[in-house]
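Me: Hi! I'm new to this one and would like a friendly tour. Could you show it to me?

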Amino acid sequence: MANILVEDALTDGSKLLDIAKLDLRGPKGQIKLSNQEIELSLKKSVAKFQISSWFNVYGNLLCVDADGNVLAQTDGPLKRKINVADRYYFQALKEQGKEAIVISPEVTAKSNGRKVFHLASSIVNDRGEFIGLLVIQVNSKKFKDDLVTTLSDGYEQMGLYLANGKLIFSLGDQDREVSEASVAGIKSKDVSGRAILLPSNEAFGFGQIVASSENSKFGAYMIGEAATRKVWTQTFSSGLKFLLLVFFSCLLVSYFAYQLLKSISKIEAENHLAIHDALTHLPNRRYFDEMFPKIQGDCRRSHKPLSVLFIDIDKFKVFNDLHGHECGDKVLRVVARSILRIRKRPMDFFCRYGGEEFIFVLPDTDEQGAMHYAQEILETVSAQEIEVNDGVMVHVTVSIGIATDPDGSQNLSDDLIKKADSAMYKAKQGGRNRYEYF
């Protein structure tokens, strides 16, 4: 990224130099203008080049004659005579003796005392003779302040170097140069655009990662340097942060999942309590009113018989008055468990209808099957020994009324229940502990 930004800036600078040369040249490529006219020409060239804003921020454009004397600059009139014949860019261009462009190492400017580096282009006449140059003086601090953000890519130090190894400028902590070992490592290998790992004597085998990117047009290249210790530290830190993020995200997800499951369980528990009897844990009257029409509808559609057993505990009120309500509750639980064990099919429905009454719904069960169930219930319940006060053992019995819809032709649910209820009272009148069929 840093190399791209530097190359873009230098390319824009070279375009400005080309424009300025065209504006300065007279017939036969000579420059026959006064210093004031040269200054105006330079400013005119800069004004034409408004498309590039970087020059206005960083640069000062100068015109230099063949002897190194500064003739004019865009920063304003010269306050004193300045000669740059000793500068790298002047010597390199004069020695080449032809049109060329060079970038030179960072120096302290003679005109204003600032740290600068230069981008210079030679001026030759129509005979190819060197007659001077144009040079852009770039404020290093401003330029590097904008570039230093690129170090977030992971390089601790970066530098722009000439092909001969001269440093133009460096970026990084306290403007420290890239180490000589890194520069030597890059120069010894053809690794432009790639990275290499240089070994180190540090503990744990930490070394240096070095990368270069060549800018052939300006005879320069960028070198970036980073210690693997820092890379591993950053990698470990990033990995740890990621793991912590995942960990706390899992905790958060787990917490919300737990709360959701807790809410679901609470709702299910409330729904279960709403349709089940708290004492016997059997389905209650509400659940019966919901399920019985569905069961009856299934039997009607399939033309199958449906039988109902209406079960009532004999003399339960007398038992309650004699032994107390706690013993009465115990009897209800024992009777419920006893009958529940008789249920043989998942489709059979057994519930507490109210008080001491129970209903056993038997789909696909005819009169004979229903009577078989009733007889088994009578025997099972009467065989139960129930301990009451002071260890006294008692037995209870039930009376059962049976009603059957042979083919699902009865339209009203209540009709079958009323018939079974009527048959149950008939069994009571017949002596209890027996069943009657309606």
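Predicted model: local features only at pLDDT ≥ 70, side-chain atom pairs only at ≥ 80, totals over all residues.

Me: How many bridges join β4 to β5?
Reply: Nine bridges, again in the antiparallel sense, with β4 covering residues 115-124. To pick out one spot, A120 has V135 in β5 as its bridge partner.

Me: How many residues sit between β4 and β5 in the hairpin?
Reply: Five residues lie between them. In that turn you'll find G128, which has a positive phi of about 80°.

Me: And why is β5 described as largely enclosed?
Reply: Nine of the 10 residues of β5 (residues 130-139) are buried, so the strand is largely enclosed by the rest of the structure.

Me: Let me step back a bit. How many helices and strands are there in the protein?
Reply: You can count 12 helices and 17 strands. The protein has 438 residues, and 44% of them are buried.

Me: Switching to aromatics. How many aromatic pairs does a search of the whole structure find?
Reply: The search finds 11. One of them is F90 with F130: the ring centres are 5.8 Å apart and the planes are at 75°, so this pair is edge-to-face. It links distant parts of the chain, as F90 is in helix α4 (residues 88-96) and F130 is in strand β5, 40 residues apart.

Me: Are F90 and F130 buried or exposed?
Reply: F90 counts as buried at 3% relative accessibility. F130 is buried too, with a relative accessible area of 15%.

Me: And how do the rings of F288 and Y353 sit?
Reply: Their centres are 5.5 Å apart and their planes are at 90°, so that pair is edge-to-face. F288 is buried, with a relative accessible area of 3%, and Y353 is buried at 15%.

Me: Which residues do ring pairs link into a cluster?
Reply: The cluster consists of Y287, F288, F292, F310, F349 and Y353.

Me: You mentioned β12. What is the strand order in its sheet?
Reply: The order is β12-β13-β11-β16-β17, an open sheet of five strands with mixed pairing. At the edges stand β12 (349-354) and β17 (435-437); each has a single partner strand, so one side of each is left without a neighbour in the sheet. From one strand to the next, the twist averages 20°.

Me: Which strands does α8 touch when it packs on the sheet?
Reply: Helix α8 (residues 285-302) touches β11, β12, β13 and β16. Its direction makes about 135° with that of β12.

Me: How do β11 and β13 pair?
Reply: β11 (residues 306-313) and β13 (residues 357-363) pair in the antiparallel sense over seven bridges. Within that pairing, L309 has F360 in β13 as its bridge partner.

Me: What does I377 touch, leaving out residues up to four places away in sequence?
Reply: I377 touches L309, I311, I339, I342, F360, V398 and I400.

Me: Last one: where is N112 found?
Reply: N112 is in the loop between β3 (101-108) and β4. It is partly exposed, with a relative accessible area of 31%. Not counting residues up to four places away in sequence, N112 touches D75 and Q137.

Definitions and conventions. Residues numbered from 1 in each chain as written. Heavy atoms only, no water. Pairing = 2+ DSSP bridges. Helix = DSSP H or I, 4+ residues; strand = E, 2+ residues; numbered from the N terminus. Axes fitted to C-alpha atoms, helices over the stretch in contact; angles between N-to-C directions. Contact = heavy atoms within 4.5 Å. Buried < 20%, exposed > 50% of the residue type's maximum accessible area, 1.4 Å probe, protein only. Phe/Tyr/Trp six-rings, centres within 6.5 Å; stacked < 30°, edge-to-face > 60°.
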